[in-house]
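Please keep the sequence and the model in view while reading.

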Amino acid sequence: MSTGSPSFATVTELAHALRAGETSAVDLLGQTLGCINGLNGAINAFTDLTADRAKGEALAADKRLKSGLEHTALTGVPYGVKNLFDIRGVTTRAGSRINRDNAPAARDAFGVAALEGAGAVCVGALNMGEYAYDFTGENAHDGDCKNPHDVLRMAGGSSSGPAAAVAAGMIPFALGTDTNGSIRVPSSYCGLFGLKPTFGRLSRAGVFPFVASLDHIGPIARSARDIALVYDALQGDDPRDPVQGSRLTELVSPALGQGSDQGIGRARVVVAGGYFRERTSDFADEAVAAVAKALGAENEVIIPEAARARAAAFLITASESAGLHLQRLQARASDFDPMMRDRLLAGSMIPTPWVTQAQRFRRWYQNEVSALFEKVDLIIAPATPTVAPAIGQSTVTLDGVLVPVRQAIGLYTQPISFAGLPAMTVPYWGAQAGADGHLPIGVQLIAAPWAESLLVRAACYLESAAICKALPPKMPLQN
Amino acid sequence: MSKRAPDKSDSTSVIPVARVSAFATANSSAFATANHAQEMAAILGLSIRPEWEDSVVVNLKLLELAAEQVLAIDLPDDIEPAVVFLAT
């Protein structure tokens with residue numbers, strides 16, 4: 001691996017190399033920063049680099065590794081975070097023009113602090129859709145984030161930079177956020193593993209909010225095992241997040257690799273029918289069928305009222321986000337991305353009974369969906385209707401009907417996060433993997449609340465069976 | 001397991017472009033109109049420039065359609081909103 005070239009080593013492989021003395025955290029950091037410098041002009045994934053901090057963390061990691069002090073699988077491993085995570089000393093721009101006038105963050109977000117505690121090396125902050133209200137990865141202020149598998153395509157949003165940076169081989173993992181699909185969508189478009197945990201599982205403290213009653217944080221990576229390692233490091237009780245559930249830490253990585261089937265042989269696996277079988281592209285259908293076959297899913301389950309759930313999520317999202325941004329809308333409306341601004345302006349005018357009914361429906365829907373998990377353990381659904389659309393594309397044809405692309409992207413993710421269920425995107429390439437112009441698509445694995453372990457084990461099984469895998473970009477990327 | 005045709009009763013999951021483009025001028029409701037947007041903006045201390053109006057009205061119409069779908073379900077009176085608050 002030459003200095004500055006992309007690396008597609010997993011966290012596990014990097015940890016092995018670091019422990020074996022084949023490389024050092026400082027050398028790995030130099031390689032990573034060189035790669036970012038070489039590729040970011042083409043991908044536009046990073047908005048801020050934290051080289052000085054990273055150097056200090058890398059030196060500390062090397063000291064721990066060489067002296068035999070306590071360390072983890074993440075010690076010395078570089079990563080980045082969506083630029084709505086607070087990084088001390090860095091202004092948290094949240095994809096906006098307005099927030100970059102704020103003072104630098106005084107302390108790290110819980111997730112960043114947790115990864116520092118695990119010895120990981122924070123190299124910078126990553127591009128995103130403005131204020132996370134986005135599924136495309138397009139950004140009027142920082143420029144559009146490009147899909148490394150085809151730089152003319154969307155990376156997906158709103159965690160565009162995290163997905164693009166990991167897919168391009170700049171970093172092995174990144175942290176994103178997911179309110180209605182913002183981890184799962186870019187993971188689908190960029191061919192990666194992405195975990196949205198149970199609502200309330202991981203602390204969101206120090207993360208600029210979007211919709212408080214729907215926001216989650218989670219990891220994006222190139223392997224299921226790496227997802228497990230990062231997720232484990234992010235667990236922990238944090239009184240700064242008022243909705244974090246009172247749950248003990250439940251490590252998922254130790255359960256990986258136990259048995260050839262990752263211990264999922266007895267899991268009752270089904271495919272989401274009805275709404276989740278409508279408007280899909282042929283390739284999304286193929287991906288779901290391949291994952292279903294590999295996991296032995298022969299039956300369908302109907303998630304009740306999924307369309308209404310999406311409508312309710314839409315109302316709550318518009319209302320809460322408009323309330324959050326009201327003062328900014330009053331003072332600096334013209335400094336928003338125009339599409340974002342007009343959505344927020346409309347959202348500020350929603351009658352209260354509509355939102356109350358949406359929140360009441362959410363309670364009803366949660367009860368109905370929870371009942372499903374008395375009979376099933378794992379549900380398979382598409383992550384996105386199609387592969388990544390072109391940057392700037394405004395419409396897409398689904399089932400023969402031309403529809404706005406921004407409405408279509410979150411079709412299958414929104415009803416799942418609305419119920420707070422943990423869900424993981426796994427990447428599918430199919431038989432055309434490696435062919436010119438061929439792009440990946442994601443499949444969602446969905447489980448009962450707090451069953452992240454099952455998701456990660458199922459994803460690990462699919463990866464080991466070569467059904468789902470993250471692949472490097474076919475064409476070399478250049479600035 | 002087979003692909004399904006979209007449920008005709010699901011009118012708002014994705015709305016055809018042809019229908020969306022008509023929202024700005026349809027005046028099909030009292031909610032999604034430029035007049036209503038301007039009145040609400042005045043109440044909220046917001047300014048909507050004339051060139052923003054069509055887009056705001058389209059967004060109001062999308063919200064109204066979502067609300068129609070959400071309001072159409074009868075829920076038992078004892079179903080509480082899912083907003084989270086825990087006394088500590």
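The paragraphs below treat the interface, the sheet, and then selected local features.

The model is predicted: local features need pLDDT of at least 70, side-chain atom pairs count only at pLDDT 80 or more, and totals for chains, interfaces and linings use all residues. Residues are numbered from 1 along each chain as its sequence is written, chains are lettered from A and ligands numbered from 1 in the order in which they are written, and side-chain values use heavy atoms, with hydrogens and water left out.

**The interface**

Contact, defined as heavy atoms within 4.5 Å, involves 49 residues of chain B and 61 residues of chain A. The two chains bury about 4,700 Å² between them, and 67% of this lies on carbon and sulfur atoms; buried area is the accessible area (1.4 Å probe) that two parts lose on being put together, summed over both. Between chain B and chain A there are 12 residue pairs in polar contact, both residues being at pLDDT 80 or more. A polar contact is a pair of N or O atoms within 3.5 Å; within protein, one must be able to donate a hydrogen and the other to accept it, and residues adjacent in sequence count only if both atoms are side-chain atoms. Helix 1 (17-26), helix 2 (34-44) and helix 3 (53-71) of chain B each supply at least two residues of the side that touches chain A. The largest share of that side, 12 residues, comes from helix 3 of chain B. Helices (H or I, at least four residues) and strands (E, at least two) are DSSP runs, numbered from the N terminus.

**The sheet of chain A**

In chain A, 11 strands form an open sheet of mixed pairing, in the order 1-3-2-6-8-7-14-15-11-9-10. Strand 1 (46-49) and strand 10 (300-301) of chain A stand at the edges with a single partner strand each, so one side of each has no neighbour in the sheet. Two strands pair if DSSP finds at least two bridges between them. The table gives two strand pairs of chain A.

| Strands of chain A | Sense | Bridges |
|---|---|---|
| Strand 2 and strand 6 | parallel | 3 bridges |
| Strand 4 and strand 5 | antiparallel | 2 bridges |

Tyr79(A) has Phe173(A) in strand 6 of chain A as its bridge partner. For Lys146(A), the bridge partner in strand 5 of chain A is Met154(A). Strand 4 and strand 5 of chain A form a hairpin, with 2 residues between them.

**Local features**

By the rule that a side-chain nitrogen of Lys or Arg lies within 4 Å of a carboxyl oxygen of Asp or Glu, there are 25 salt bridges over all chains. One of them joins Asp134(A) and Arg406(A), whose closest N and O atoms are 3.7 Å apart. This pair links distant parts of the chain, 272 residues apart: Asp134(A) is in the loop between strand 3 and strand 4 (146-147) of chain A, and Arg406(A) is in helix 13 (residues 405-409) of chain A.

His141(A) is likewise placed in the loop between strand 3 and strand 4 of chain A. Its side chain makes a polar contact of 2.8 Å with that of Glu130(A).

Two backbone features remain. A cis peptide bond, with omega about 5°, joins Gly157(A) and Ser158(A). Arg279(A), although not a glycine, has a positive phi of about 70°.
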